[in-house]
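Q: Can we go through this one together? I'd like to start with the ligand and then move to some backbone details.

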Amino acid sequence: MYQYVIHGGKPLVGEVAISGAKNAAVAILPAALLVNGVCRIENVPQISDVTLVLEILQELGADVRSVNSNTVEICCSHIHNFRVPDSLSRRMRASYYFIGSLLSRFGKAEVSMPGGCDLGVRPIDLHIKGFRALGAQVNVQGGFVYATAPGGKLTGATVYMDQVSVGATMNVMMAAVLADGLTVIENAAKEPHVVDLANFLNSMGADIMGAGTDVIKIRGVEKLRGGTYSIIPDQIEAGTYMAAVASAGGNVLIRNVIPKHLDCITAKLAEMGVQVEEEGDCVRVMRTGKLHRTNIKTMPYPGFPTDMQAQMSAVLCTAEGTSTIDEGIWDNRFRYVDEFKRMGARIQVSGKLAVIEGVPYLTGAPLRACDLRAGAAMVIAGLAAHGTTTIECIHYIERGYENLVGKLKGIGADIELVDAKEPVSLRDSQVG
Ligand code: EPZ
């Protein structure tokens, strides 16, 4: 088993380029099922969740060709299978997008209940409510979702989301693009990846308006045609590097970003005494002075993203004063706190609220990642800590960060991927 070994305490300096957005890619790739012809998709991040989506597409009968490390061509003309097996679906939450895409194009889908990071209860009732509103018959039996469209086609309808849901908004959007008539999604999610999926589908001939607002209108079309599309940069990957610089200190130019998507993260870092400057499609992040306390509440976009909560918590561990983090989306997203406490962090969690009392520094410790963003947060904590941090269960982190070790080394971090069987150097572990 591989682990990360980080010798912390070195400021980060240089440039890092951000990859394509994970949460856009894991929706756009299944959406290729909706298209007649070849989809060429660029800026696809090389992460294990993407590998899994491509595996599922192949299992269904799609032709998938890697043009280069970040470009794939997908042709779904010979789909012969409408079932996503448990062995694949359980490994990733986003497998739910195969329900909407298969149902829309082929009128039937059998998808094992999706897995994904353990962040508390993760139902898909809103997805199912949306499919049913469009006329689908949906049964959940023996751990599988069975969905069929009577007569092979769905019918447009108004779908009100009882709660803002990224996945349900995008899934109903996919289901609606080939339906008869108009679908209106009310109380829709507005995340950048929702807009990216709509842009992808529109570029292939769909008729979607309003993505990025509360109300999305989708007029069904006969069919979508092939084409080329490039995925947007990853808001959360960019935010993770911003947090790393805030935590470890230094001066880094983060390239290939959409600065607007980072506004909420930039605003919080500025409150904490971190300088963030926009330079075209880059942001420069600088921190030399002390970190100040702040309060964060996670909310749907354009609010502060829950997927940046753990990383900001890592930064706040060493900010002066007492900070709070209020998790507004998931029931159980503080499972990393006990790991931070091993490093000397002072954090009290009560339900969905964490109170962080800043300490002068963290001390390296052996840690275990418990989900994707928690794992990234542990890397950030390790980069700033005195001494050596080891992080196990890095497969969680590899789900969502392309070449994390290489990119961090490129900005001066002392991080290695090592085989856990080899003894870990403790050269700095007693510092502080
Ligand atoms: C997406 O998950 C992301 N995953 C998550 O990112 C992210 O944390 C989340 O959106 C919120 O931004 C992907 O895009 C693959 P939701 P999703 O439906 O779609 C409740 C990461 O680290 N809800 O917006 O599953 C739900 O319980 C991952 O990259 C229902 O009640 O999230 C939650 O409280 C982790 N019924 C809230 O809505 C439903 O049918 C928002 O969930 C669906 C959701």
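A: What follows covers the ligand shell, some backbone geometry and one histidine.
A: This is a predicted model, in which local features need pLDDT of at least 70, side-chain atom pairs count only at pLDDT 80 or more, and totals for chains, interfaces and linings use all residues. Residues are numbered from 1 along each chain as its sequence is written, and side-chain values use heavy atoms, with hydrogens and water left out.

Q: Which residues come nearest to the ligand?
A: Tyr96, Asp125, Ser165, Asp307 and Arg373, out of 24 residues around the ligand. A residue counts as near if one of its heavy atoms lies within 4 Å of the molecule.

Q: How far is the polar side-chain atom of aspartate 307 from an oxygen atom of the ligand?
A: The distance is 2.6 Å. For glutamine 163, a polar side-chain atom lies 3.2 Å from a ligand oxygen, and a backbone N or O atom of isoleucine 329 lies 2.8 Å from a ligand oxygen. A polar contact here is a pair of N or O atoms within 3.5 Å.

Q: And how much of the ligand's accessible area does the protein cover?
A: The protein covers 92% of the 820 Å² that the ligand has on its own. Areas come from the Shrake-Rupley method with a 1.4 Å probe.

Q: Which element gives the most to the shell?
A: Helix α5, with three residues. The elements that give two or more are α1 (22-31), α5 (125-133), α6 (166-176) and α12 (372-384). Helices are DSSP runs of H or I with at least four residues, and strands are E runs of at least two, numbered from the N terminus.

Q: Switching to the backbone. Where is proline 302?
A: Proline 302 is in the loop between β18 (295-297) and α10 (309-316). The peptide bond to proline 302 from tyrosine 301 is cis, with omega near 10°.

Q: What about phi at asparagine 187?
A: Asparagine 187 has a positive phi of about 60°, although it is not a glycine. Asparagine 187 sits in the loop between β11 (182-186) and α7 (192-203). Most residues other than glycine have a negative phi, and most peptide bonds are trans.

Q: Last one: is histidine 193 buried or exposed?
A: Histidine 193 is buried, at 12% relative accessible area, where buried means under 20%, exposed over 50% and partly exposed in between (1.4 Å probe, protein chains only). Histidine 193 is in helix α7. Beyond neighbours within four places in sequence, histidine 193 is in contact (heavy atoms within 4.5 Å) with Asn23, Ala24, Val166, Met170 and Ile232.

Notes. Polar contact = N/O pair within 3.5 Å; in protein donor to acceptor, adjacent residues only side chain to side chain.
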